[in-house]
Amino acid sequence: MQFINPSQKKKSILLEDQQSNMSTTAARLIKPALYGYFRSSCSWRVRIAFALKGIEYEQKPVNLIKDGGQQLTDQFKAINPMQQVPAVTIDGIILSQSLAIIQYIEETRPEPRLLPVDPKQRAQVRIICDIIAAGIQPLQNLYVLQKIGAEKVQWAQHFINRGFEALEPILKQTAGKYCVGDEISMADICLVPQVYNAERFKVDMSQFPTIKRLNQTLIEIDAFKVTHPSCQPDTPDDLRA
């Protein structure tokens, strides 16, 4: 049996830790890249998070319409097997799903925070995020609407209205200046792009005064302005602000 000197083992562990730290540091020096689409609400969420955190990143547009959808190519499938945007390369890894991306950014770059310190408020933020990200947006995304066909506007209106009817009374209880209290959170990051979708599909926002008020406050903030679909690298000229 080979005897391993404890001091040698400790040095080996320290060396591995140093190499790992160096690798992580090197990966951090590479600017994150966002694969997204100007009008994708999920991509917009990630753009807002990057802007709020002050993180510089590269945009790699994926046109969801052109050539039948660039997200359906083998090249993009290698980046995200689900063939959806957004996807992000960051710190040497590839991430998909907007909330997972935002939570990774929050955990690795915690300031300014996007989740409240108070556990109850954190739960409220997550409830709002899930209502939007799981209960509203997936039912009116491009893939679903393409399957619905001629009735797509009525379909989108129905499910946005249904979700907002649930969200409005919740926000009446949780909102201060923003969705939960007086600090911007992941809930606000989810809300604004969903209101943009509602307006695209001609939803009557007068039914939802709390949602409307919060959105009007948030869209005046620089991080929401500069990431708006009307001013992205892949925004068509006729849709530019």
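Before the first slide, one term: a contact here means heavy atoms within 4.5 Å. The model is a predicted one.

Let me start with α9, then. This helix takes in residues 209-218, and its buried residues are T210, I211, L214, N215 and L218. They sit on the same side of α9, because the arc they cover around the axis is only 130°. What lies over them? The cover includes α7 (152-174), α8 and α10 (222-225). As a reminder, an α-helix has 3.6 residues a turn, so residues three or four places apart point the same way.

Now the overall layout. The protein has 10 helices and four strands. In sequence order the pattern is α-β-α-β-α-β-β-α-α-α-α-α-α-α. Of the 241 residues, 43% are buried. Taking contacts with a separation of 6 or more, 67% are between residues 24 or more positions apart.

Next, the sheet. The four strands form an open, mixed sheet in the order β2-β1-β3-β4. Strands β2 (58-61) and β4 are at the edges with a single partner strand each, so one side of each has no neighbour in the sheet. On average, neighbouring strands are turned by 20° against each other, direction ignored.

Going through the pairs: β1 and β2 are parallel, with four bridges, and L34 has Q59 in β2 as its bridge partner. Strand β1, residues 33-36, is antiparallel to β3 and joined to it by three bridges; there, A33 is opposite T89. The pairing of β3 with β4 is antiparallel too, over four bridges, and it includes A87 with S96 in β4. These two strands make a hairpin with two residues between them, and D91 in the turn has a positive phi of about 55°.

Which way do the side chains of β1 point? A33 and Y35 point one way, L34 and G36 the other, and all are buried.

Helix α4 lies across β3 and β4, at about 130° to β4.

On α4 in more detail: the helix covers residues 98-108, and S98, L99, I101, I102, I105 and E106 are buried. They fall on the same side of α4, because their arc around the axis is only 160°. Their packing partners are α2 (41-53), β3 (87-90), β4 (93-96), α5 (119-135) and α8 (186-200).

How many disulfides does a search of the whole structure find? C129 is in no disulfide, and its nearest cysteine sulfur, that of C190, is 3.8 Å away. The cut-off for a disulfide is 2.5 Å between the sulfur atoms. Are these two residues buried or exposed? Both are buried: C129 has a relative accessible area of 2%, and C190 is at 1%.

Last, the backbone points worth checking on screen. There is a cis peptide bond between V85 and P86, with omega about 10°; P86 is in the loop between α3 (74-77) and β3. That loop also holds Q83, which has a positive phi of about 60° although it is not a glycine. Another cis bond runs from E111 to P112, omega near -15°, and P112 is in the loop between α4 and α5. Finally, K202, in the loop between α8 and α9, has a positive phi near 60° and is not a glycine either. K202 counts as exposed, at 66% relative accessibility.

That is the tour.

Note on methods
Residues are numbered from 1 along each chain as its sequence is written. This is a predicted model: local features need pLDDT of at least 70, side-chain atom pairs count only at pLDDT 80 or more; totals for chains, interfaces and linings use all residues. Side-chain values use heavy atoms; hydrogens and water are left out. Buried means under 20% relative accessible area, exposed over 50%, partly exposed in between (1.4 Å probe, protein chains only). The arc is that of the directions from the helix axis to the C-beta atoms. Two strands pair if DSSP finds at least two bridges between them. Axes are lines fitted to C-alpha atoms, for helices over the stretch in contact, and angles run from 0 to 180 degrees between N-to-C directions.
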